[in-house]
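This report describes a single protein chain for a reader new to it.

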Amino acid sequence: MGKHSAKRVQGQAVASPPTDTVALAREHLDREDLTLSALAHRVGEAPHTLRRAFIDRFGLSPAQYRAQSRVERLRKHLRAGDEVSAAVYGAGYGSPSRVYQDGAARLGMTPASYRRGGEGMSIYYTVVECPLGRALVATTRRGVCSVALGGSAAGLEAGLAAEFPRARIERVDAGSPEFVAPRVAAVAAALAGRSGGADVRVELLGTAFQFRVWEALMRIPAGQTRTYAELARELGQPAAVRAVAGACARNKVAVLVPCHRVVRSDGSLGGYRWGLPRKQALLDREAGAAG
């Protein structure tokens, strides 16, 4: 193992485990469902020391990372076609009920539906023209599950079908269910730079840490921006800048979850799933509306 580094806490130097020890701990959690005590024993560190160093390195506690890993393993098993019960136990859950009790395991649908590509779900969508090209707005009865931006309606529709290959997907440009129209109007307002999407319910699929990032994004007022580093500090995890950027990149609900309001520390735009010109246009519209 490498040498321990020292970290100053309230005026005193506190030994931190070497980087390779923390990385080894993560590797163990990727393979096994270990408690903090068992994990610390496995890598030869004190539990509280390992927990603090793990948060500093990855932006999550070992328990949060363990829950996130369970979610990812569950998804892989389900997508591979495993039976639900086998997938649940194979992912490390002690019982099927733990999937619902675990706050990190928010798949946005039942494991059975996820395994079947959204089978049994009803998704309604429309494609609207906007100054940024076209926007696809898709919603279940519970909330908006996708807002995608692009130039081609066919490309946007193909992306939705790939995400939910077995869901019942219906385009509703006319004769929409009553809950669709106000949600589409809210997206249109947000695209125009107004804060019309603040109260719209969204149905997100993600890990516990991604949910924290997305919730923080929705608290950024229109017309303002945050850097990735500022957002990480707001979450109490200043070392998690890359994890914050990763959560922004995985956001599939444009403008309602406003990842376009996050920029790099030097003021440059950084990345954006739907293209940097659209990101700049959204920021310009919001700045104009706020002014």
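## Overview

A residue is called buried when its relative accessible area is under 20%, exposed when over 50%, and partly exposed in between (1.4 Å probe, protein chains only). By that definition, 47% of the 291 residues in the chain are buried.

The model is predicted: local features need pLDDT of at least 70 and side-chain atom pairs pLDDT 80 or more, whereas totals for chains, interfaces and linings use all residues. Residues are numbered from 1 along each chain as its sequence is written, and side-chain values use heavy atoms, leaving out hydrogens and water.

The chain has 13 helices and 8 strands, taken as DSSP runs numbered from the N terminus (helices H or I, at least four residues; strands E, at least two).

## Helix α8

Helix α8 spans residues 153-163, and its buried residues are A153, L156 and L160. They line one face of the helix, because they fall within an arc of 70° seen down the axis of α8 (directions from the axis to the C-beta atoms). Their cover includes β3 (122-130), β4 (133-139), β5 (144-150) and β6 (168-171). The face turned away from the buried side carries the exposed A154 and A162.

## Nonpolar cores

A nonpolar core is a set of buried Ala, Val, Leu, Ile, Met, Phe, Trp, Tyr and Cys residues joined through side-chain atoms within 4.5 Å. The largest has 71 residues, of which V147, L149, L191, V213, L217 and V244 touch the most other members. Apart from it lies another core of 7 residues, including L74 and A87.

Methods:
Contact = heavy atoms within 4.5 Å.
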